Amino acid sequence: MVKRAIGLLGMVFLASSAITAQAPDTSVHAVSYVDLIPASRGPAVAALKQYRDSSRKDDGYVRLEFFEQIGRPGHFVVLETWRDQKASDAHGMAAHTQQFLNTLQPLRSSGYDQRPYRTVTVGPASPAAGGQAIYVVTHVDVIPSPQNDPPGLLRRLAEASRNEKGNVRFDVLQHMMRANHFTLVEAWQSQSALDAHAAAAHTRQYRDTLQPIAGGPLDERVYKAVE
């Protein structure tokens, strides 16, 4: 009887572990783009850093980072990850978030364009990319069709790319309201690593497969970390 009870407990534990392992990712991501008035870059960067540092104290914070587009000073992307929708909503209403947006108002030359995303695939936490790292943020728009499997296509690309030499990060996010819109977030140790990725067989195969189902040209932007 004791052995049977232990066996049943073991089965319950294994079943519980399987359910936990399959639990959906509740993370909420925000990808925001903003262009700054050239003369206002210094104060804007200071505001971005203060916003990042204040946000780290919010409940449900996972990550917040921002990068400047290479070759286009003053063009920034802000990437945020929150534990769940509740944490994201609370952060959006926080006083320091409103203060940041108010501070940015006279410094920007475009609206603060923020878009909400869910996780398709996010790799394990990686070590710091280093000062020479290249970041790529790509918007992918596909034509909706039951025959297409964009999440599967992008997931396969991410998995293959993470195995490449010099890859630090490769995440795939899906827009919460527009399921045919995706954002890819990549980090590479150097320009040469990024160049090798662009020439890789799996990258070329992905682009060939994507082309006939794409809803528009790839919006691929290359960034660097802000010191």
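Biologist: In what order do the strands close into a barrel?
Modeller: The order is β1-β3-β2-β8-β5-β7-β6-β4, with antiparallel pairing among the 8 strands. From one strand to the next, the twist averages 35°. Two strands pair here if DSSP finds at least two bridges between them.

Biologist: Before I go on, what kind of model is this?
Modeller: A predicted one: local features need pLDDT of at least 70, side-chain atom pairs count only at pLDDT 80 or more, and totals for chains, interfaces and linings use all residues. Residues are numbered from 1 along each chain as its sequence is written, and side-chain values use heavy atoms, leaving out hydrogens and water.

Biologist: Thanks! How many helices and strands does the protein chain have?
Modeller: The protein chain has 7 helices and 8 strands. These are DSSP runs numbered from the N terminus: helices are H or I with at least four residues, strands are E with at least two.

Biologist: At what angle do α6 and α7 pack?
Modeller: About 55°, with the axes of α6 (residues 191-199) and α7 (residues 201-210) 5 Å apart. That makes α6 oblique to α7, since angles under 35 degrees count as roughly parallel, over 145 as roughly antiparallel, 65 to 115 as roughly perpendicular and the rest as oblique.

Biologist: Which residues meet there?
Modeller: From α6, His197, Ala198 and Ala199 meet Ala201, His202, Thr203 and Arg204 in α7. Contact means heavy atoms within 4.5 Å.

Biologist: New topic: is Trp82 buried or exposed?
Modeller: Trp82 is buried, at a relative accessible area of 1%. Buried means under 20%, exposed over 50%, and partly exposed in between, using a 1.4 Å probe and protein chains only. Trp82 lies in strand β3 (residues 75-82).

Biologist: What does Trp82 touch?
Modeller: Leaving aside residues up to four places away in sequence, its contacts include Ser27, Val28, Asp58, Tyr61 and His91. Trp82 and Val28 are 54 residues apart in sequence, but 5.2 Å apart in space, C-alpha to C-alpha.

Note on methods. Axes are lines fitted to C-alpha atoms, for helices over the stretch in contact, and angles run from 0 to 180 degrees between N-to-C directions.
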